Amino acid sequence: MLRAACILALLLAGCSKGPEADLQYIQQARSAAAEWALVNEQASQGKLTDTYVASMHQWLRDEIRSSSMTLTDPDTRYGLEIHALLQQPDDAVPEELRAHADKLKQFEDDLESA
Amino acid sequence: MNPLELTLGIMTAVGGFVDISELVFAAKAGSQFGYALIWVFALATVGIIVFSEMSGRVAAVAKQPVFNLMRHRLGLKLGLLTLAASVVSTLITCAAEIGGVALILNYLTGAPYVLMAIAMTGFFIASIWVLPFKWIERTYGLLGLFMIIFATALVAINPPWSQFAGGFVPQVPKGLSTKELLTFGYFTVAIISAVMFPYEVYFYSSGGIEEQWGPKDMLTNRLTSIIGMGLGSTLAIAILANSAQLFGPANVDPEIPGSAALQAAIPFGKWGLILALLGMFFAVAGAAIETCMANAYSIAQFFGWIWGRHKKPWEAPRFTLTWLVLLMLSLVIVLTGVDVMVLVEFAVLFSILVLPLTYLPLLLLAGDKKYMGEHVNGLFANALGWLYFAVITAAAVAALPLFILTSGGNG
């Protein structure tokens, strides 16, 4: 029974492609954008050390870059949105980063309801 | 009883509960499902208390660590299979902890990740080589208590306490889509696995033998299990609840360990951040040592070698060589550049598959009057033991399909 369940799971996992397969990368990029906004917001209030902020910027940017590179089609609207997010400077205004996160969330919701 | 004797439990728990996997899983669980997964932590905490108390009792009375039992109770072939699976899972976990420590040092100092991974491996080798077992557990167990900042942060952000309390009631949130239900299922299984990591009982029972526990230490064993694991669980639940309050509404699904530190920075500023990072550093460093030692204990006990840190390194040469090689192998895994979070996901998956085989021999021996005499499992301990055995077996069966269907909880 376990073997049958595993085979079924593998088949189901193997079936997803295109935007559906991209969904998790859009989610990752959205989450990283939202976290980037949170980090910049807290940093602007003097609650974080400079070293931590620089380090988080690097890891979050890596995460977004990795999501962008794993997309099946980078020229989709969400691909371009992630690309635009990557163009933001490290110390971008939190509201602007949140706007990118919101747009990506909208793509997520559309794909999930499709 | 000397309160410092509780440090074995504190190190086991802080390094077991609040290791790198917990920092991420608890935070992700909170951001995605609010307080709805708190009951899984509570359920699994009772499970790890039951089995760690049992393993400590068996170590004290029958003088048998877990892997001795495994070979005798499961037979050579199944025992060897369990050993192999367990060594792989614990090795991956150890690599994830080393990567995690390097990441945390990167957040603290800005020093390069790879350099920190190499330096910390050297530091761990020196720690295990030089420090007596008692000092290893005291240093990492007590300094890991900086993690209490996460519980303090929860009080400071003052969440809706009625909703928080409601999280302790077993539940599946209403209105979830099929995909979200599967993800909820995956998180349930992953939390059980991460809380009940087999290496915790390998380390704990071997630690009891290192400390030469006997039947007179039953109270120490019971208190250590309950207080140590209870403390670890409280901290993990605090991380989950902070995340439900701070990350969920902000659309953040924390993917990197550094995110957790924000939970203390938001209410307390820079000092909160630094204390959180220090707590995470010592807890994850403790977990790295714990996983490496647990693996070396397992191998040495299975093959009947002389083992233990109560002996000088050269008095137990094969044991010493084993932990040295295991630490170096873990470092090599980190140096391949594999993502720490990928390591965490695989460690959790492998562990749940090994769990039933780890706990079955323990359960059988703790219930055997011939070995345990008057300290044999009572009706209550036996009932709880078998109940949890059923829970982890069900979780082990569900783990792989859920992992594949949800891409490791990523939807």
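Select chain A, where you will find 5 helices and 0 strands, helices being DSSP runs (H or I) of at least four residues and strands (E) runs of at least two, numbered from the N terminus. From the N terminus on, the order of its elements is α-α-α-α-α. What you see is a predicted model, in which local features need pLDDT of at least 70 and side-chain atom pairs count only at pLDDT 80 or more, while totals for chains, interfaces and linings use all residues. Residues are numbered from 1 along each chain as its sequence is written, and chains are lettered from A in the order in which they are written.

Of the 114 residues of chain A, 39% are buried, that is, 20 or more other C-beta atoms, placed from the backbone, lie within 10 Å of their own.

Next, select A:Ala33, B:Ile191 and B:Leu240, the residues with the most contacts inside the largest nonpolar core, which has 176 residues; such a core is a set of buried Ala, Val, Leu, Ile, Met, Phe, Trp, Tyr and Cys residues joined through C-beta atoms within 7 Å. Its largest share, 27 residues, comes from helix H12 (residues 258–303) of chain B.

Now turn to helix H3 (residues 38–61) and helix H9 (residues 178–195), both of chain B, whose axes lie 9 Å apart at an angle of about 35 degrees, with axes fitted to C-alpha atoms over the stretch in contact and angles running from 0 to 180 degrees between N-to-C directions. Where they meet, B:Val40 and B:Phe41 are among the residues from H3(B), and B:Ile191 and B:Val195 among those from H9(B), contact meaning C-beta atoms, placed from the backbone, within 7 Å.

Definitions and conventions: Buried ≥ 20, exposed ≤ 12 C-beta atoms within 10 Å, placed from the backbone. Contact = placed C-beta atoms within 7 Å.
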